[in-house]
Amino acid sequence: MTLLDPTLTPDAAGDLIKEGTDASFMTDVIEASKHQPVIVDFWATWCGPCRTLGPALEKAVRAAKGAVKMVKIDVDANPAYAGQLRVQSIPTVYAFVNGQPVDGFQGAIPDSQIKAFIDKLTGGQGGSTETAQLLELGEESLGLNDFGGAAQAFAHVLSIEPENEKAIAGMARVYLAGGDPEQAAQTIAMAPQDSKEPAVQSVRAQLALASKTPTGDLASASAELEAKVDADPNDHQARFDLAEAQSAAGDFKGAVDNLLAIIQADREWNDQAARKQLLVIFDAAGLTSDVSKDGRRRLSSILFS
């Protein structure tokens, strides 16, 4: 799929909003919805709530930048499909996907609910097909260690949506992967301090972990600490320091393994320092990551056994 040009006007982006009729319904709605979601607004000129909802819907559809289309049907002039869909009051809105109605609502609703309605249709990506594709490209590039490609993708998103928190976090992760935590910290500071975005929280947790570990050769430090742990498996401080070094280097699995080993041996050690550090690592790895899910399962098994 070709990315939409953000400089295009709504009309140039593909007739996003049009007046429909019973005669054009099959083309404008049924066939069109096989390519992208289509919202149908059943209204009438005499309907007061319709005059409120209609402009709000149009604004939200244009803000979606091509992710969804809208067809307006005057039920007085075009009663056939309104009757087939059992429209009993207006305004009534239906969403069509692949030729079938999949969602809908009646009456005028707030802008926030309209946005949520469109986000649900477009995959919850803020209504922008281009943004969603660029974010996906950035994540894929990061996974392939293509940091230049990832930076370009996230920067493109920020040129369109400067406050996009996923893109801000993505750029910060690029800097982290490139060994520049200072620039990563400056970048993530662009996100609100009270951000609930998991990607933002993950970067901030990674930076917190990195700040606790002395700068220098992490590989050498880890090797020395591993030797200490091998020599004395009950040296919890050495194991804890090793976990910190591993997490700073991005080895969350290794860090989780060592912290769980401390908890298994002595869950109260150093005022439950291992458990507290483990929770920070879960945030850094991402709460839905395999590392976090497996670590939480194993932690529960230890604590409740």
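Residues 24 or more positions apart account for 61% of the contacts with a separation of 6 or more in the protein chain, a contact being defined by heavy atoms within 4.5 Å. The structure is a predicted model, in which local features need pLDDT of at least 70 and side-chain atom pairs count only at pLDDT 80 or more, while totals for chains, interfaces and linings use all residues. Numbering runs from 1 along each chain as its sequence is written, and side-chain values use heavy atoms, with hydrogens and water left out. The protein chain contains 14 helices and 5 strands, taken as DSSP runs numbered from the N terminus (helices, H or I, at least four residues; strands, E, at least two). Of its 305 residues, 44% count as buried, that is, under 20% relative accessible area with a 1.4 Å probe, protein chains only.

Gln 100 lies in strand S5 (residues 100-106). When residues up to four places away in sequence are not counted, Gln 100 touches Ser 33 and Ala 95. Ser 33 is 67 residues from Gln 100 along the chain, and their C-alpha atoms are separated by 8.0 Å.

Over residues 131-164 the chain is 79% helix and 0% strand, with the end C-alpha atoms 9 Å apart.

Helix H7 (residues 165-177) and helix H8 (residues 181-188) have axes that come within 7 Å and cross at roughly 175 degrees. Axes are lines fitted to C-alpha atoms, for helices over the stretch in contact, and angles run from 0 to 180 degrees between N-to-C directions. H7 is therefore roughly antiparallel to H8, a label applied to angles over 145 degrees. From H7, Ile 168, Ala 169, Met 171, Ala 172, Tyr 175 and Leu 176 meet Pro 181, Gln 183, Ala 184, Thr 187 and Ile 188 of H8.

Helix H13 (residues 269-285) has 17 residues, which at 1.5 Å a residue should span 24 Å; the end C-alpha atoms are 24 Å apart, in agreement. The expected span is 1.5 Å times one less than the number of residues. Buried residues of H13 are Trp 269, Ala 273, Ala 274, Gln 277, Leu 278, Ile 281, Phe 282 and Ala 284. These buried residues pack against helices H9 (198-211), H11 (236-248), H12 (252-265) and H14 (290-303). Just after H13, Gly 286 adopts a positive phi of about 100 degrees.

Note on methods:
Angles under 35 degrees count as roughly parallel, over 145 as roughly antiparallel, 65 to 115 as roughly perpendicular and the rest as oblique. Buried means under 20% relative accessible area, exposed over 50%, partly exposed in between (1.4 Å probe, protein chains only).
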